[in-house]
Amino acid sequence: MAAEPQVRLGALAPESLAPAVLALVRAGTAREPALARDLNATVVLRFLEGFPAVRLEFTGASVTVGDHEILGAPRSVDLTVTGRLPDVLLLVSVPQTAGLPLPSGPRGRAAVARLADGRIELDGPLRLGRRLLTLLAIPA
């Protein structure tokens with residue numbers, strides 16, 4: 001079993017959602033330490049309501065979650081997830097398979113619809129997006 005990466009909270013702006021995202025990352029990292037260790041990417045979550053964008057920096061041994069504009073310049077951004085907060089929360093709270101929502105129930109179909117119609121946009125490699133959603137998933 002792979003060692004669990006250290007997960008820490010970075011710099012925060014007022015009205016930050018980073019502490020809530022940190023809770024999801026900590027739970028996912030405890031559940032899937034090998035996945036968190038293998039991500040080695042920078043991800044930015046942008047919320048259409050105007051909350052500060054949250055950046056997740058996966059470096060193998062550690063994960064830093066903080067506000068994008070305050071953390072300083074990233075090495076590069078590998079994936080950007082953009083959407084309304086309720087839509088992003090729906091996406092991580094429905095049953096998944098391989099990082100994609102299962103369309104077997106109404107909430108799963110709603111999550112798939114939000115991805116299909118662009119209400120939630122993933123800008124970056126699909127494989128990285130699926131791995132991130134697997135890590136952030138809230139188990140049923």
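## Exercises on a predicted chain

Threonine 80 sits in strand β5 (residues 79–83), where helices (H or I, at least four residues) and strands (E, at least two) are DSSP runs numbered from the N terminus. This is a predicted model, in which local features need pLDDT of at least 70, side-chain atom pairs count only at pLDDT 80 or more, and totals for chains, interfaces and linings use all residues. Residues are numbered from 1 along each chain as its sequence is written, and side-chain values use heavy atoms, with hydrogens and water left out.

**Exercise 1.** Decide whether threonine 80 is buried or exposed, and list what it is in contact with.

*Solution.* 
- Step 1: Recall the cut-offs: buried is under 20% relative accessible area, exposed is over 50%, and partly exposed is in between (1.4 Å probe, protein chains only).
- Step 2: Threonine 80 has 16% relative accessibility, so it counts as buried.
- Step 3: Contact means heavy atoms within 4.5 Å. Setting aside neighbours within four places in sequence, threonine 80 is in contact with Val44, Arg46, Glu121, Leu122 and Asp123.

**Exercise 2.** Work out how helices α1 and α5 are arranged, and which residues meet.

*Solution.* 
- Step 1: Two packed helices are described by the angle between their axes and the distance between the axes.
- Step 2: Axes are lines fitted to C-alpha atoms, for helices over the stretch in contact, and angles run from 0 to 180 degrees between N-to-C directions.
- Step 3: The axes of α1 (residues 18–31) and α5 (residues 126–136) come within 7 Å and cross at roughly 95°.
- Step 4: Angles under 35 degrees count as roughly parallel, over 145 as roughly antiparallel, 65 to 115 as roughly perpendicular, and the rest as oblique. Therefore α1 and α5 are roughly perpendicular to each other.
- Step 5: On the α1 side, Leu24, Val25, Gly28, Thr29 and Arg31 meet Thr134, Leu135 and Leu136 of α5.
- Step 6: The residues of this contact of α1 with α5 divide into four nonpolar, three polar and one charged. Here Ala, Val, Leu, Ile, Met, Phe, Trp, Tyr, Cys and Pro count as nonpolar, Asp, Glu, Lys and Arg as charged, and the others, Gly among them, as polar.

**Exercise 3.** Describe the surroundings of glycine 28.

*Solution.* 
- Step 1: Glycine 28 is found in helix α1.
- Step 2: Its relative accessible area is 0%, so glycine 28 is buried.
- Step 3: Glycine 28 and alanine 137 are 109 residues apart in sequence, yet their C-alpha atoms are 7.0 Å apart in space.

**Exercise 4.** Now step back and describe the whole chain.

*Solution.* 
- Step 1: There are five helices and eight strands.
- Step 2: Of the 140 residues, 43% count as buried.
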